[in-house]
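Keep the structure open beside this text and follow along. We go from sheets to helices, then to pockets and a few single residues.

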There are 2 protein chains.
Amino acid sequence: MRYGVVFVLLVLSVRGDYWADRDAFIKEEASETVGGSIKLSEKEEKVNRILMQYKFREMDAAFQNSRNFAPGQHFFQARRLIEKSEVFRLIQTMPKGALLHGHDLCLVSSDYFYALTYKENLYACSSNGNLRLKFFENGRQDDTCNWNLLNVLRIIDPSYDRWLRSQINLYTAHPKQRYPNINDVWGTFQNMIFAVVDLLTYRPVFEDYFYQVLKDLYDDNVMYMEFRGFLPRLYELNGTIYQPLETIRFYEDTIAKFKRDHPRFLGARLIYAPHKDDNATIQSSIAVAKAARKNHPDFVIGFDLVGQEDTRFPIIAYLNELKELQAMGMDFFFHAGETNWFETKTDFNLIDAILLGTRRIGHGYAITKHPKVMKIVKERQIAIEVCPISNQVLMLVDDMRNHPAATLMAHGFPIVISNDDPTFWGAKGLSHDFYMAFMGIAGRTDDLRLLKQLALNSLTYSALSKDEKDAAIAVWEKEWESFIDATISRHGNEIPH
Amino acid sequence: MRYGVVFVLLVLSVRGDYWADRDAFIKEEASETVGGSIKLSEKEEKVNRILMQYKFREMDAAFQNSRNFAPGQHFFQARRLIEKSEVFRLIQTMPKGALLHGHDLCLVSSDYFYALTYKENLYACSSNGNLRLKFFENGRQDDTCNWNLLNVLRIIDPSYDRWLRSQINLYTAHPKQRYPNINDVWGTFQNMIFAVVDLLTYRPVFEDYFYQVLKDLYDDNVMYMEFRGFLPRLYELNGTIYQPLETIRFYEDTIAKFKRDHPRFLGARLIYAPHKDDNATIQSSIAVAKAARKNHPDFVIGFDLVGQEDTRFPIIAYLNELKELQAMGMDFFFHAGETNWFETKTDFNLIDAILLGTRRIGHGYAITKHPKVMKIVKERQIAIEVCPISNQVLMLVDDMRNHPAATLMAHGFPIVISNDDPTFWGAKGLSHDFYMAFMGIAGRTDDLRLLKQLALNSLTYSALSKDEKDAAIAVWEKEWESFIDATISRHGNEIPH
């Protein structure tokens with residue numbers, strides 16, 4: 001009956017000091033956190049004090065008045081608050097390692113993307129109320145739609161541009177009203193991809209776009225990327241259409257060019273990720289996957305299936321095809337558990353991802369509801385690619401403090417922070433998502449060690465080979481040192497004692 | 001590099017059957033869930049098939065269109081959907097065991113509470129825009145406020161009643177607009193308690209009210225209660241004021257009367273739970289606690305501190321006082337971690353609750369972020385009192401599927417479902433909260449075994465003595481059998497094969 005009392009008396013008699021026990025308890029928990037075992041150097045400690053001074057100031061103001069608390073608000077409201085934050089500015093300058101979860105057509109900033117709509121020869125039309133964009137040589141439009149030159153539409157109709165923006169960005173001042181439920185926001189999101197695919201797959205734009213993808217990351221101090229892509233067919237104005245495997249060549253050329261221009265950038269690799277569609281599409285995707293992997297083993301690192309999980313077939317629907325890929329040595333990086341529908345086909349994707357030996361899990365939002373999946377993920381160090389802003393915009397969670405990654409973080413799970421599809425909600429690089437993770441998902445006292453570990457995790461859990469990884473980490477460590485030095489020299493006079 | 005593939009090939013070569021492995025994986029996880037080890041009798045299986053037919057129908061419709069999904073919506077919208085649900089109606093008839101977390105002044109239905117405002121001699125006034133209610137004998141009002149007879153105010157001002165309702169119920173059609181942040185809703189909530197305290201502590205009303213508290217539970221098939229109460233001073237119209245310890249007598253008399261009228265009801269006991277206020281108040285509360293425990297050891301089972309955790313002193317502020325109580329053998333049932341502010345003083349209440357040997361934890365909303373607390377809670381079987389609707393209305397979580405209790409449930413933690421303060425949001429008994437837990441927090445396939453375990457847990461984790469507990473469980477088992485039989489005879493023709 002009184003074991004509680006007995007326990008406390010026992011503790012008090014053995015240790016004799018409640019406060020020491022309490023302190024030890026808190027420290028023991030903190031040591032389990034992601035980054036909890038990192039020892040900071042003296043210089044890093046200085047930067048940590050600067051960082052935490054900013055974090056405490058911001059968080060404690062928000063604790064008093066949650067209107068100041070960005071991670072408790074929808075990103076569309078939060079963004080302005082974030083971009084005013086000193087913590088955010090520090091995160092921007094921090095070398096964040098690699099982006100491990102992002103989708104081919106949605107990776108640049110919204111501003112860059114919007115600027116693309118001013119390109120010459122770009123035509124637009126509305127199909128069932130949804131935008132389509134495509135390049136044509138004068139007078140040679142196809143007859144699938146009532147195409148008009150976009151720049152002319154802009155001049156003719158003063159309200160056109162506002163509509164255009166609404167078709168290429170999920171932004172709205174009132175997300176809950178605009179998207180009453182998750183299928184509404186996903187529907188709009190998928191229409192956006194449909195709207196932009198022919199804009200981006202025009203070969204010259206594609207190369208510029210992809211160059212800019214790398215530039216956005218580079219500018220945000222991200223040095224490497226493993227991205228999901230479905231190898232779209234690129235086209236030229238003269239009617240030439242390239243096959244999926246040729247798309248790889250354009251990727252490789254653009255990456256090579258970017259690396260020549262920016263020698264510190266380490267490159268980008270592809271997780272081939274076609275849509276979960278009908279069986280016929282999957283069959284041809286499997287053929288592409290095999291050829292891509294066989295012919296470009298250094299660039300094509302693995303396979304995934306994409307599309308709104310709840311409304312599509314589960315992974316397991318393609319077991320035979322996936323086994324074929326496995327047999328040829330393809331690695332899997334499955335999206336799984338991007339849902340809050342517990343014990344549904346979507347949710348069970350987590351189990352199939354594990355049984356199929358996935359190397360990482362995309363989102364894994366539902367994972368804390370799966371004890372055995374959690375156990376295996378920790379044992380085998382299968383990284384969870386956490387995409388905070390995506391999960392919020394695509395309506396799995398409102399307040400970041402309720403994001404299940406808080407549990408993963410506190411229990412020391414292998415996680416990385418990713419941005420998923422930043423174009424469509426106005427994030428740029430990884431910093432907005434890092435901010436949400438650091439200020440909204442992590443605890444108040446989680447500090448520079450967490451950020452450092454998240455950056456390191458992104459390299460550790462990448463698909464780089466052992467040697468490549470060691471080299472990448474060595475480069476990253478140098479950048480980290482520069483970041484530490486630069487921060488001290490910039491903020492040295494603000495270091496609290 | 002290819003350990004994923006190796007693993008799968010290994011599994012396939014040993015077992016040879018992906019589908020069997022998958023099935024075993026799912027079953028292993030399911031066996032860990034709360035209720036996962038229960039074996040249902042043949043008759044229970046029949047009821048389970050009825051229940052799950054309803055559950056699947058409802059949930060799968062909601063999966064298609066989340067507008068139909070009550071646990072994804074605010075309770076103020078969800079209530080109508082819930083009350084139309086066949087699952088809810090089954091839950092209402094189910095014997096649910098005990099209520100282990102509810103507060104003295106907020107336990108009846110809103111309708112009963114509203115009806116109290118028609119009592120004779122009830123005066124009302126507005127103090128700083130907030131309602132106050134109090135009984136006076138004609139012409140003897142105090143001068144703390146501009147008192148008027150409530151029934152007269154109703155006649156004079158046609159809009160008065162609407163305002164009155166807004167002062168005694170948090171209901172609003174637009175919760176997010178009405179309560180932009182958590183402190184707004186807590187402020188309003190605390191004003192409501194302030195408004196009603198003098199209505200309820202008029203001795204005859206107090207007795208009627210408390211009788212109705214028991215009746216609401218009894219009607220909802222709840223047989224026992226351990227409630228938090230602050231032992232308010234009751235008064236008579238003639239000016240008599242009773243001391244806190246005398247309030248216990250009124251409780252005991254009312255319980256005795258209710259048990260005479262309803263022999264199957266097992267009673268109610270008090271966790272003395274004063275507010276976390278200034279030190280002076282705590283000192284006098286500690287004195288009351290000691291005397292109450294000493295003089296009424298069978299009724300006063302323990303101690304807790306209440307009030308919005310975020311804005312008040314943490315438990316640890318009263319360490320010395322709490323040690324005094326411990327020394328005299330007082331059990332603790334602390335509110336702790338009713339917050340989403342991770343690693344703050346509120347959040348660390350979880351650690352102090354554990355170190356102080358708490359027997360149960362009120363809310364424990366933040367617990368999944370605390371690995372060591374989780375470990376201890378499971379080892380020592382410290383029950384978590386989960387209050388789903390309260391956590392939603394008081395703005396910790398929007399969508400029940402994000403409630404951390406889903407993780408606790410899936411990992412087989414000792415949890416009970418409670419209602420906290422149903423008066424102020426229009427719930428009644430335990431059924432609304434059970435519904436939210438069963439349909440929103442649990443998984444799609446969690447079934448009658450979960451409900452049975454939750455009911456059993458409420459007795460197992462009560463403060464009843466071993467003998468009392470055995471007796472209570474025996475009574476409950478009989479009621480459960482009646483429920484099973486009645487359900488079969490009522491729904492027998494609907495049992496799916």
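Strand 2 (residues 122-127) of chain B runs antiparallel to strand 3 of chain B, and six bridges join the two. Two strands count as paired if DSSP finds at least two bridges between them. Helices (H or I, at least four residues) and strands (E, at least two) are DSSP runs, numbered from the N terminus. Within this pair, B:Ser126 sits opposite B:Leu131 of strand 3.

This is a predicted model, in which local features need pLDDT of at least 70 and side-chain atom pairs count only at pLDDT 80 or more, while totals for chains, interfaces and linings use all residues; side-chain values use heavy atoms, with hydrogens and water left out. Residues are numbered from 1 along each chain as its sequence is written, and chains are lettered from A and ligands numbered from 1 in the order in which they are written.

Back to the sheet in chain B. It is open, has three strands in the order 3-2-4, and its pairing is antiparallel. Strand 3 (130-135) and strand 4 (148-149) of chain B are the edges. Each has a single partner strand, so one side of each lacks a neighbour in the sheet.

Inside, strand 9 (residues 360-363) and strand 10 (residues 383-386) of chain A pair over three bridges. Look for A:Arg360, which stands opposite A:Ala383 of strand 10.

A:Glu343 lies in the loop between strand 8 and helix 15 (345-355) of chain A. Its phi is near 60°, a positive value in a residue other than glycine. A:Glu343 is buried, at 8% relative accessible area. Buried means under 20% relative accessible area, exposed over 50%, and partly exposed in between (1.4 Å probe, protein chains only). A:Gln381 lies in the loop between helix 16 (371-379) and strand 10 of chain A. Its phi is about 55°, again positive, and it is not a glycine. A:Gln381 is partly exposed, at 34%.

Now return to chain B and find strand 5. All eight of the eight residues of strand 5 (residues 222-229) are buried, so this strand is largely enclosed by the rest of the structure. Strand 1 (residues 97-99) of chain B runs parallel to strand 5 and is joined to it by three bridges. Strand 6 of chain B also pairs with strand 5 in the parallel sense, over six bridges.

Next, the helices. Helix 13 (residues 279-295) of chain B has 17 residues and spans 24 Å from first C-alpha to last, close to the 24 Å expected at 1.5 Å a residue. The expected span is 1.5 Å times one less than the number of residues. Its buried residues include B:Ile282, B:Ile286 and B:Ala289. An α-helix has 3.6 residues a turn, so residues three or four places apart point the same way. The cover over the buried residues of helix 13 includes helix 12 (244-261), strand 6 (267-272), strand 7 (300-303) and helix 14 (319-327) of chain B.

Helix 20 (residues 448-460) of chain A is another case. 11 of its 13 residues are buried, so helix 20 is largely enclosed by the rest of the structure. Among them are A:Leu448, A:Lys452, A:Gln453 and A:Asn457.

In helix 21 (residues 466-491) of chain B, pick out B:Thr487. B:Thr487 is buried, with a relative accessible area of 0%. Leaving aside residues up to four places away in sequence, it touches B:Val47, B:Ile50, B:Leu90 and B:Gly492. A pocket is found on a 1 Å grid over the protein atoms alone: it is an open set of points where a 1.4 Å probe fits, with protein on both sides within 12 Å along at least five of seven lines, and its lining residues have an atom within 4 Å of a point. This one is lined by 23 residues, and B:Arg79, B:Arg165, B:Asn169, B:Tyr171 and B:Thr172 lie nearest its centre. Helix 4 of chain B gives the most to the lining, with six residues.

Terms used: Contact = heavy atoms within 4.5 Å.
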